[in-house]
Amino acid sequence: MVSDVDVYKMVRDRFGRPSGNALLRSILQPLVSRLWRMDCVGRLEGTQFSVLLTSTTEAKALRAKEETQREMEQTNTKVFFDMGYC
């Protein structure tokens, strides 16, 4: 899965790097808590993150993406969080 947090730069520029990093942690914590031990999450660059689901089927990966997207929309209503999977 690949995700992008669109308001990170605005938060960082307006409130400082610690606030931007706190925003990223609040968004990524629910995602990380869903991962298996062999899965990985990493920052690609800037506001883009990738999640490697190592031992799952395509159907389960799509369901995980949809559940995570829904949870992000509910908990971070002012943050645009775009997520896709390939």
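1. Helices (H or I, at least four residues) and strands (E, at least two) are DSSP runs, numbered from the N terminus. Residues are numbered from 1 along each chain as its sequence is written, and side-chain values use heavy atoms, with hydrogens and water left out.

2. Let us start with the overall layout. The protein chain has three helices and four strands. Read from the N terminus, these elements follow the order β-α-α-β-β-α-β.

3. How confident is the prediction? The average pLDDT of the protein chain (the predictor's confidence in each residue, from 0 to 100) is 78, and 86% of the residues score at least 70.

4. Next come burial and surface. Of the 86 residues in the protein chain, 31% are buried; buried means under 20% relative accessible area, exposed over 50%, and partly exposed in between, with a 1.4 Å probe and protein chains only. The chain exposes about 5800 Å², and carbon and sulfur atoms supply 53% of that area. These accessible areas come from the Shrake-Rupley method with a 1.4 Å probe, and for residues only the protein chains shown count as cover.

5. Contacts also tell us how the chain is put together. A contact means heavy atoms within 4.5 Å. Of the contacts in the protein chain with a separation of 6 or more, 52% are between residues 24 or more positions apart.

6. Now look at α1 and helix α2 (residues 17–34). Their axes come within 6 Å and cross at roughly 150°; axes are lines fitted to C-alpha atoms, for helices over the stretch in contact, and angles run from 0 to 180 degrees between N-to-C directions. On the α1 side, Y8, V11, R12 and F15 take part in the meeting, and on the α2 side R17, S19, G20, N21, L23 and L24 do.

7. How many salt bridges does a search of the whole structure find? The search finds two, where a salt bridge is a side-chain nitrogen of Lys or Arg within 4 Å of a carboxyl oxygen of Asp or Glu. D13 pairs with K9, with the closest N and O atoms 2.7 Å apart. D13 and K9 are four residues apart in helix α1 (residues 8–15), so about one helical turn separates them. D13 also forms a salt bridge with R12, and here the closest N and O atoms are 3.2 Å apart. Together, K9, R12 and D13 are linked in a network of salt bridges. D13 is partly exposed at 48% relative accessibility, K9 is partly exposed at 48%, and R12 is partly exposed at 25%.

8. G46 counts as partly exposed because its relative accessible area is 44%. G46 and V5 lie 41 residues apart along the chain, and their C-alpha atoms are separated by 8.9 Å.

9. In strand β2 you will find L44. Leaving aside neighbours within four places in sequence, L44 is in contact with V2, F49 and S50. L44 and D4 are 40 residues apart in sequence, with a C-alpha to C-alpha distance of 9.7 Å.

10. Another loop, between β3 and α3 (58–75), holds L53. L53 is partly exposed because its relative accessibility is 22%. Setting aside neighbours within four places in sequence, L53 is in contact with M1, L35, D39 and A61. From L53 to C40, the C-alpha atoms are 6.9 Å apart, while the sequence separation is 13 residues.

11. The last stop is L62, in helix α3. L62 is partly exposed, with a relative accessible area of 31%. L62 and M1 are 61 residues apart in sequence, and their C-alpha atoms are 8.8 Å apart in space.

Note on methods. Predicted model: local features only at pLDDT ≥ 70, side-chain atom pairs only at ≥ 80, totals over all residues.
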